[in-house]
Amino acid sequence: MRCPSCGFVQFDAPRCKQCGALSPTPRQPVASIVSTPGFSGPATATRPSRLVRPLNLYDQQARNRWKTAFVIGLFMLLVILLGYGVDRFVIGSGFSIPLWDGSPFEPSRARPSRQVAFPVATVAALGVGTLTAWLGYRNGDTLVLASSRAVPLATTDLKSRQLDNVVEEMAIASGLPKPRVYVVQDPDPNAFATGRDPAHASIAVTQGLLEMMGREELQGVIAHEMSHIRNYDTRTMTVTAALLGTMLLLHDWSARSGSWRVRDSSDRKGGGAGQIVLFILWIVLVVLAPLLGQLIAMSISRSREYLADASGAELTRNPMGLASALRKLQEATAPTRSISRGTAPLCICDPLHHRLDDGKGFWADLLATHPPMAERIRILETMAYAGS
Amino acid sequence: MAFYLTLGIVVLILVWLVVMYNGLISLKNQVQNAWQQIDVQLKRRHDLIPNLVNAVKGAMQFERDTLERVIGARNRAVSAKGAQEAAAAEGQLGQALSRLFALMENYPDLKSSHNVLQLQEELTSTENRIGFARQLYNDLVARYNIKQQVFPTNLMAAGMGFALADYFRIEEAEKASPRVDLSLN
């Protein structure tokens, strides 16, 4: 029979597989569940269905642009801070360059007259930082894909052909160019999307996910990733992943050079209290910057997962596909080893399966990279019931 | 003062007109693009069907009738002219195809053929792509039409040469057709 709301044909179940509308025939047992307050019951089930459209899609895109800029700004600040600290505390009063009197064309008469402090480390750090930020923005997706050892999908067997087709279908549904498809050789099911904009986007799934999911579940997962691309979540997360990695490196390096400096300053000039206070302030900032970056990355990834679930369901008009896929992901508890920590916020489910992810409330919202699976499944199922 | 006020209002109205016009043009092109996408996928459907029929012909000799109906519907759909005729022909083709798929279930040999499974996957995907392309097209048409109909754009849209776009409706013939689950779960 055909669904009265959306015209989908596989409408033999109590609910339409495509839009989630209830069957208009009153003998369906589901009707009793739905006739609770809040739902209008089977009487309205024949109305044309509309999923809740995420009205804040453009808000989310704007927010992502702002956040990307913020992460890059924070990174640059850290880099400049590091450079300045090296100038101030390691080189001392600054590396001096001699200024020459007289004409440079008469070297015989020229002699150095005064020294001008030149912040060589700050300028060098600024240059390196700009380069890194630019590379992170341009090639962050390559880094992320390489770090998880993703290889381009070879459409040789039926299952990989199916994946390629599903990606094409979701690209058509969202009206975006088809992203490149990659496979990660890992038996644990997981998936992520990366790329700085929809024209340079990639979707990677693990071998485990490919083997575990049926067609509709695969469609749900790909729709979720496609929504990340459409919302520009991938840009924010890719830049954050690339720059956070660099921040952590810089952080390690500065911690080492810092301890060397403390001994040195107390030995030589006695330093003065002001110098030490400044130095401590510097160290605190350097230590806190990557933490701050990580906190931002995590606190924003929870809400974006809910949004990607919702707009993914809007693409397939089949919330149950993704719900069923999430249930399978929830049951798989082995960590996804191939996916590094920096890539974790990009994934459809936390590759490390942190227990924190199951919690709710302020701290869980702040620190967990992913919302609780049970909650995500519940919301999707509600969507399927309330589809009318 | 009054002069500057008038100038300001005129500039504001001009800016609004430009923004409105550009927004409508952008949506109009997206609608046309989505329509092209449906066409592309229908073409893909037409190209795949002869391959499928050839692949199953040997095993399904007794279903000559069904196979001929599929090929006939496909040829009518290819040569259909105009949106009305094309929609009707595509509807009949969908019906004939679903009947073929249902009958294929009776031939276990086909299920073990890699070639047939692959063609079945491609056709499943094509049916989905047609559906999703139609979904995107209809969503865009809705946005385009709403944009033209809201106040105050409705005062200007028709005068600028914009017209409401038609939805891609499912033909009654196709609506009545049963279809089988083709997913390879």
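This is a predicted model: local features need pLDDT of at least 70, side-chain atom pairs count only at pLDDT 80 or more; totals for chains, interfaces and linings use all residues.

Modeller: pLDDT is the predictor's confidence in each residue, on a scale from 0 to 100. Chain B has an average pLDDT of 84, and 91% of its residues reach at least 70. Helix α1 (residues 2-57) of chain B has the highest mean, 90. Helix α7 (residues 172-176) of chain B has the lowest, 50. For the model as a whole, ipTM is 0.80 and pTM is 0.74.

Now chain A, which holds the part I have picked. Chain A contains eleven helices and six strands. It has 388 residues, and 44% of them count as buried. Take its contacts with a separation of 6 or more: 68% are between residues 24 or more positions apart.

The part is a sheet. Four strands of chain A form an open sheet in the order β3-β4-β6-β5, and the pairing is mixed. From one strand to the next, the twist averages 30 degrees.

Look inside the sheet next. Strand β4 (residues 180-184) and strand β6 (residues 202-206) of chain A run parallel, joined by five bridges.

Move on to the chain contact. Helix α4 (residues 158-174) of chain A packs against helix α5 (residues 114-149) of chain B. The angle is about 10 degrees, and the axes are 8 Å apart. Therefore α4(A) counts as roughly parallel to α5(B), because angles under 35 degrees get that label. From α4(A), the residues that meet α5(B) include A:Leu158, A:Arg161, A:Asn165, A:Glu169 and A:Ile172. On the α5(B) side, they include B:Leu117, B:Glu121, B:Arg129, B:Phe132 and B:Leu136.

Helix α9 (residues 319-331) of chain A has 13 residues, so at 1.5 Å a residue it should span 18 Å. The end C-alpha atoms are 19 Å apart, which agrees. Buried residues of α9(A) include A:Met320, A:Leu322, A:Leu326 and A:Leu329. A:Pro319, A:Gly321, A:Ala323 and A:Ala325 are also buried.

Technical notes
Residues are numbered from 1 along each chain as its sequence is written. Chains are lettered from A and ligands numbered from 1 in the order in which they are written. Helices (H or I, at least four residues) and strands (E, at least two) are DSSP runs, numbered from the N terminus. The expected span of a helix is 1.5 Å times one less than its number of residues. A residue is buried if 20 or more other C-beta atoms lie within 10 Å of its own, exposed if 12 or fewer, and partly exposed in between; C-beta atoms are placed from the backbone. Two strands pair if DSSP finds at least two bridges between them. Axes are lines fitted to C-alpha atoms, for helices over the stretch in contact, and angles run from 0 to 180 degrees between N-to-C directions. Angles under 35 degrees count as roughly parallel, over 145 as roughly antiparallel, 65 to 115 as roughly perpendicular and the rest as oblique. Two residues are in contact if their C-beta atoms, placed from the backbone, lie within 7 Å.
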